[in-house]
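Me: I have a protein model to go through with you. Can we check what its labels rest on?

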Amino acid sequence: MQEFDAIRPYSDEETGPAIQRLVNDREFLDMVGRFKSPTLERWAPAVLRFFLRRWLISHFGHFTRVDDLQARLSTYVGELVEGTTTRVTTSGLENLDKHSAHLFISNHRDIVFDPMVVNYLLFQNGFYTTRIAIGDNLLQNRVFAEMMRLNKSFVVRRNMTSPREMRDAYMTLSAFISHSIDTNHSIWIAQREGRAKDGLDYTDPAIIKMFYMSRKKSGLSFGEAMNRLHIVPVSISYEYDPCDVDKAKELETRARTGSYTKTEGEDSEQIVKGLTGFKGHVHVHFGAPIADSPENPKELASRIDHEMHANYHLHASNLVAYQQRGFHPDSHATPETVTESVVTAETWSPADMAAAEAEMERRLEACEPAIRPYLLDMYANPVVTALQANSR
């Protein structure tokens, strides 16, 4: 694993020392304090740090294996999931072999909650958790970087300046992913760089090309190499997005000015909001591993997209936004017509629709008029792509 030192997660041997660094880190203790007791953290931070350090050492100081640490943390992850959702459901796990590694390619709506809820569901159902691909822009915070590498995260480099630097980085990333699958470690990676803020989930073929880079020299064809990765398309759907207004503002700014510049600490704020904000019903669908891959990246990307769109679990919030945007050919769509067209859609009662309409109205009223169409689009677009996928 030495060739992957620059990007890999921490090993079991590094787990104990990393935990000790964190429990003695003032910035980490203050961050935990803001979650556990914001009032005390504000008025008596030194006292809170003292007791937090003792609590953390007693609960986590003895761990020397990543899997054991994650098993202990699963209780707290469960509390966070249950506290920010009305329910979490899943489908398709029967498609997966618990003794095989998979390359989970997922749509991407939330920076941290997406891979967290996937791993939470895998763990709860007796599967090993995945190694998580995260952009190096999220590792600018030293403490967050330490936490993520303890949690099986590996680094995807971005914003490289030269073609050679980009090629070398992608080759290393490709080799690490292949090595992980070959040694029975599953991978979670988003289907494209950045979140799909407009609700349109499309796979970047460049990511698929990257998967093949390290396999070319093996003599395998593209399709054979992809089949050996056991690619699983994953569809994550949120009834409500805690960051929807922020995403709509960014989309409106880009449309109006042609660009958008993040403020300092914006990623960190979005992580906290995504983790702690209300999401309603969250559903995760795991597709069947692709065993008959096409022979080129573009076709495989389209195959993954079709699986994601066809199995995306629509919520009443999606249909309400779809109706308000008037996307249906008849400028109208009912729960019945969409349910007939989309196999995985749940049945919505009049009460469900009324509640969704009221909640959507509340969210729209909290927005400036210019950004409201963008907020509606991010909820409505999954209906559009689901209908298209299921009409084929």
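This is a predicted model: local features need pLDDT of at least 70, side-chain atom pairs count only at pLDDT 80 or more; totals for chains, interfaces and linings use all residues.

Reply: Let's start with Asn107. Leaving aside neighbours within four places in sequence, Asn107 is in contact with Asp114, Gln191, Asp201, Val234, Ser235, Ile236, Met308 and Tyr312. Asn107 sits in the loop between strand 2 (103-106) and helix 6 (113-124).

Me: Why is Asn107 called buried?

Reply: Buried means under 20% relative accessible area. Asn107 has 1% relative accessibility, so it counts as buried.

Me: What makes the link between the side chains of Asn107 and Asp201 a polar contact?

Reply: The cut-off is 3.5 Å between N or O atoms. The side chains of Asn107 and Asp201 are joined at 3.4 Å. The side chain of Asn107 also has a polar atom 2.7 Å from the backbone nitrogen of Ile236.

Me: How do you know that Cys243 is in no disulfide?

Reply: A disulfide needs two cysteine sulfur atoms within 2.5 Å. For Cys243, the nearest cysteine sulfur is that of Cys367, 13 Å away. That is too far for a bond. The structure holds zero disulfides.

Me: Why are helix 8 and helix 9 called roughly perpendicular?

Reply: Angles of 65 to 115 degrees count as roughly perpendicular. Helix 8 (residues 163-182) and helix 9 (residues 205-213) pack at about 70°, with axes 7 Å apart. The two helices are therefore roughly perpendicular to each other. Helix 8 brings Arg167, Tyr170, Met171, Leu173, Ser174, Ile177 and Ser178 to the contact, and helix 9 brings Met210, Phe211, Tyr212 and Met213. These residues divide into eight nonpolar, two polar and one charged.

Me: What makes helix 7 mostly covered?

Reply: Seven of the nine residues of helix 7 (residues 142-150) are buried. They are Val143, Phe144, Ala145, Glu146, Met148, Arg149 and Leu150. Their cover includes helix 1 (12-23), helix 5 (66-84), strand 3 (131-135) and helix 12 (266-276).

Me: What is found at the start of helix 7, and what follows the helix?

Reply: At the start, a side-chain oxygen of Asn141 reaches to within 3.0 Å of the backbone nitrogen of Val143. After helix 7 comes Lys152, with a positive phi near 65°.

Note on methods: Residues are numbered from 1 along each chain as its sequence is written. Side-chain values use heavy atoms; hydrogens and water are left out. Axes are lines fitted to C-alpha atoms, for helices over the stretch in contact, and angles run from 0 to 180 degrees between N-to-C directions. Helices (H or I, at least four residues) and strands (E, at least two) are DSSP runs, numbered from the N terminus. Angles under 35 degrees count as roughly parallel, over 145 as roughly antiparallel, 65 to 115 as roughly perpendicular and the rest as oblique. Contact means heavy atoms within 4.5 Å. Ala, Val, Leu, Ile, Met, Phe, Trp, Tyr, Cys and Pro count as nonpolar, Asp, Glu, Lys and Arg as charged, and the others, Gly among them, as polar. Buried means under 20% relative accessible area, exposed over 50%, partly exposed in between (1.4 Å probe, protein chains only). A polar contact is a pair of N or O atoms within 3.5 Å; within protein, one must be able to donate a hydrogen and the other to accept it, and residues adjacent in sequence count only if both atoms are side-chain atoms.
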